[in-house]
Amino acid sequence: MVDLHPSAEEAGLSARAAAIARSVVLPQAAAADGGAFPEAALRALAAEGLMAIKSPRAFGGAGSTQVAYVMALREVATACASTAVTMAVTNMTGEMIGLFGDTDQRERWLRPIAQGQMEAAAFALSEPSAGSDAASLVCKATRRDDGSYVLDGQKAWITSGDRAGVVLTMARTGEPGSGARGISAFLVDPRAPGFSVLRHESKMGLRGSSTVGLSLDGVVVPERDRLGPEGIGFRVAMTALDGGRCAIGAQAIGIASAALQTLVQGLGSRAGVDRAQNLQQMVDFRIADMATRLEAAWLLVLRAAQRKDANLPMTREAAMAKVFATEAAHFVCQRALELATAQGLQDDGRIARALRDVRVSRIYEGTSEVQRIVIARELLANAS
Ligand SMILES: Cc1cc2nc3c(=O)[nH]c(=O)nc-3n(C[C@H](O)[C@H](O)[C@H](O)COP(=O)(O)OP(=O)(O)OC[C@H]3O[C@@H](n4cnc5c(N)ncnc54)[C@H](O)[C@@H]3O)c2cc1C
């Protein structure tokens, strides 16, 4: 059962996010679309505790819920998708340090994230030949006699990899071919010798979010920066992605809401235009369907978020929320462009930007195909 009433604290946090989205994030969204990293917007979000929403208050986080997080992220995404994805990955990384880290790690890495002393944090799972099949990653972590590790390998498509103050990096401590069980998680300091940024990806959307390849060439990571025991890296990654997928659903809904809002305002301003009755009804039916799909998607996101807050299993619910919300959002952005016709096509317009920004939400943190595999696998396992 989905409770549609957020607590006063959740509503308050979301209202703060909405206020910053309007006053700081939106005014820089066009510049971000042009490729500018949204530094000022991220600073403003950090000042309100919005870069570590679910992290413990004792370490500078807002100590709030997944529901508050998805609500806040949706508000920011409505204003600027690039800012929202940077905020999302930073929150996700901080949350994992809060969950799996010890007091020393939380103090050294989580507090600076939460207090905005780091521009961003990054999560490095994907590799050039390990995307959907993340358990096949090959980046190697070799343990030395003094307990420290040496990391060698490459990471691909890492959000904020060149901006982050810490990069949560999954690497193989087991033998090659040891699968998910041979992976450990490390908190890598990007200032360490051997860490370097490879190519900056040029993308059709999310241009203000920095996406880079990373090279780890003999990077030494002290034992105290291994996150949790050896061998739990894949669990850390999957825990992150359960919450992350639900958040990407919220992000996509925010992006599409902006497109729908722009369309409806445009149609409203042309209210006096004499249209054939059947044409008017076609437009009315379409915008009704678009709004309905977004509402349905939001309920799935909220349900997954509430299950997470209640510590209930939510892998399937997060996958359902992500696949439905991101595909609904893409549908809405495409329809908005069709209905806005020439005005919608303007490259710097909000509708065109939304369509370019929203597409990747069906790819990162697990493609739509991967979400369907996750859902079907669980259904079939429960049936046998
Ligand atoms: C803008 C952007 C930001 C990103 N940020 C990050 C980040 O911060 N950290 C990070 O670790 N990664 C990040 N990624 C990587 C992202 O998670 C991967 O791109 C994604 O997991 C897909 O992997 P891939 O691109 O290698 O595609 P592949 O895995 O090669 O998939 C190619 C196609 O095959 C399909 N496919 C794959 N396996 C199956 C299967 N078993 N059954 C059916 N179909 C299948 C996929 O759905 C897809 O359509 C980012 C990607 C982008 C584009």
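Is Asn311 exposed or buried, going by its C-beta neighbours inside 10 Å? Asn311 counts as exposed, because it has 7 C-beta neighbours inside 10 Å. The cut-offs are these: a residue is buried if 20 or more other C-beta atoms lie within 10 Å of its own, exposed if 12 or fewer, and partly exposed in between, with C-beta atoms placed from the backbone.

**Before you click on**

This is a predicted model, in which local features need pLDDT of at least 70, side-chain atom pairs count only at pLDDT 80 or more, and totals for chains, interfaces and linings use all residues. Residues are numbered from 1 along each chain as its sequence is written.

**Stop 1: the whole protein**

Show the C-alpha trace. Along its principal axes the trace spans about 80 × 50 × 40 Å. The radius of gyration is 21 Å, which agrees with the value near 21 Å for a compact globule of 384 residues. That radius is taken over C-alpha atoms, and the globule rule is 2.2 Å times the number of residues to the power 0.38.

Switch to cartoon. The protein has 11 helices and eight strands. Helices (H or I, at least four residues) and strands (E, at least two) are DSSP runs, numbered from the N terminus. Of the 384 residues, 54% count as buried.

Now think about contacts. Two residues are in contact if their C-beta atoms, placed from the backbone, lie within 7 Å. Among contacts with a separation of 6 or more, 76% join residues 24 or more positions apart.

**Stop 2: the domains**

Colour three ranges: domain 1 (8-118), domain 2 (123-231) and domain 3 (235-383). These bounds come from an automatic or database domain assignment. The centres of domain 2 and domain 3, taken over C-alpha atoms, are separated by 30 Å. Next, look at where these two meet. There, 11 residues of domain 2 are in contact with nine residues of domain 3. The domain 2 side of this meeting has eight nonpolar residues, three polar and no charged. Here Ala, Val, Leu, Ile, Met, Phe, Trp, Tyr, Cys and Pro count as nonpolar, Asp, Glu, Lys and Arg as charged, and the others, Gly among them, as polar.

**Stop 3: the ligand**

Where does the ligand lie relative to domain 2 and domain 3? It lies between them, because both domains give residues to the shell around it. Select that shell. Ser126, Gly131, Ser132, Thr367 and Glu369 come nearest of the 22 residues around the ligand. Strand 1 (120-124), strand 3 (149-159) and helix 11 (368-383) are the elements that give two or more residues to the shell. A residue is near a molecule if its C-beta atom, placed from the backbone, lies within 6 Å of it. By class, the shell holds 12 nonpolar residues, seven polar and three charged.

**Stop 4**

Select 81-100. This is helix 5, with 20 residues and a reach of 28 Å from its first C-alpha to its last, close to the 28 Å expected at 1.5 Å a residue. The expected span is 1.5 Å times one less than the number of residues. Helix 5 is mostly covered, with 19 of its 20 residues buried.

Then take helix 10 (residues 350-358). Eight of its nine residues are buried. Among them are the charged-class residues Arg350, Arg353 and Asp357.

**Stop 5: two positive phi values**

Most residues other than glycine have a negative phi. Select Ser160, in the loop between strand 3 and strand 4 (164-172). Its phi is near 60 degrees, a positive value. Ser160 is buried, because 25 other C-beta atoms lie within 10 Å.

Go back to Asn311. Asn311 sits in the loop between helix 8 (277-309) and helix 9 (315-345). Its phi is positive too, about 55 degrees.

**Stop 6**

Glu327 is in helix 9. Its 18 C-beta neighbours inside 10 Å make it partly exposed. Leaving out residues up to four places away in sequence, Glu327 touches Arg362 and Ser368.

Arg143 is in strand 2 (residues 140-143). Arg143 counts as partly exposed, with 14 C-beta neighbours inside 10 Å. Beyond its neighbours within four places in sequence, Arg143 is in contact with Tyr149 and Thr173.

Finish at Gly177, in the loop between strand 4 and strand 5 (183-188). Gly177 counts as exposed, with 9 C-beta neighbours inside 10 Å.
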